[in-house]
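Hi,

Here is the structure I promised to pass on.

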Amino acid sequence: MTQSESPPPGYRPDLDEAVETWSRMNDASILRSVAAVILGFVALTLGAVLTGRLLLSLFGVEPGADPGVAFIFTSLGVRLAVTVLAGFLAALAAPRAPRLHAGVLAAILVFFSLASLAGLSASGDPYGPAWYPIAMLVIGPAGVLIGGSLRTRRR
């Protein structure tokens, strides 16, 4: 569709373009799509674990101890940066539709965040304030989507 044509009734650009892109993909690009999401997930996981360990040692937080306000807000900021990077990498490696790949990664992150939140509430012993896992549930997927959007703007 050219820019001078008006869209047909019921046209949803993001969803319709994603479906059209998916239908044009061959086996190699499907594998590359899966690899792009896996790359983003690995970057997210490694980044979260490594920066988490680094922050724990920098702030001298012992297991079971109160982490403190400075640690919690620094951790939120660092995790936001890690999720933006992971979304950017997933979108960068995507063969097409970079925002769609970042969206899939964000959905996976929501799933794991909800599972983690359910596990914390079942254990009854959250590490840090009760709002922290909820903040991560919002910040994580938003950061991934921001990273995917940054990649699309860069092209």
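**What I found**

L105 is buried, at a relative accessible area of 0% (buried is under 20%, exposed over 50%, partly exposed in between, using a 1.4 Å probe and protein chains only). Before going further: this is a predicted model, where local features need pLDDT of at least 70 and side-chain atom pairs count only at pLDDT 80 or more, while totals for chains, interfaces and linings use all residues. Residues are numbered from 1 along each chain as its sequence is written, and side-chain values use heavy atoms, with hydrogens and water left out.

Back to L105, which sits in helix α4. Skipping neighbours within four places in sequence, L105 is in contact (heavy atoms within 4.5 Å) with V37, G40, F41, A86, G87, A90 and V144. Its C-alpha is 9.2 Å from that of A36, although L105 and A36 are 69 residues apart in sequence.

As for the overall layout, the chain has five helices and zero strands, running α-α-α-α-α from the N terminus. Those are DSSP runs numbered from the N terminus (helices are H or I, at least four residues; strands are E, at least two). Of the 155 residues, 31% count as buried. Among contacts between residues at least 6 apart in sequence, 78% join residues at least 24 apart.

L105 also belongs to the largest nonpolar core, nine residues in all: L44, V82, A86, A90, A102, L105, A106, L109 and V144. (A core here is a set of buried Ala, Val, Leu, Ile, Met, Phe, Trp, Tyr and Cys residues joined through side-chain atoms within 4.5 Å.) Helices α3 and α4 each supply at least two of its residues, and α4 gives the largest share, four.

Next, the aromatics. Rings of Phe, Tyr and Trp (its six-membered ring) pair if their centres lie within 6.5 Å; planes under 30 degrees apart are stacked, over 60 edge-to-face, and the rest tilted. That gives five aromatic pairs. F41 and F112 are tilted, because their ring centres are 5.6 Å apart and their planes at 35 degrees. F41 is in α2 and F112 in α4, so this pair ties together parts 71 residues apart in sequence. Both are partly exposed, F41 at 30% and F112 at 44%. F73 and W131 make another tilted pair, 5.7 Å centre to centre with 35 degrees between planes; F73 is in α3 and W131 in α5 (residues 131-154), 58 residues apart. Ring pairs also link F41, F111 and F112 into a cluster.

A97 is in the loop between α3 (69-93) and α4 (98-123), and is partly exposed at 23%. Most residues other than glycine have a negative phi.

Finally, V49 lies in helix α2 (residues 27-59) and is partly exposed at 43% relative accessibility.

Cheers
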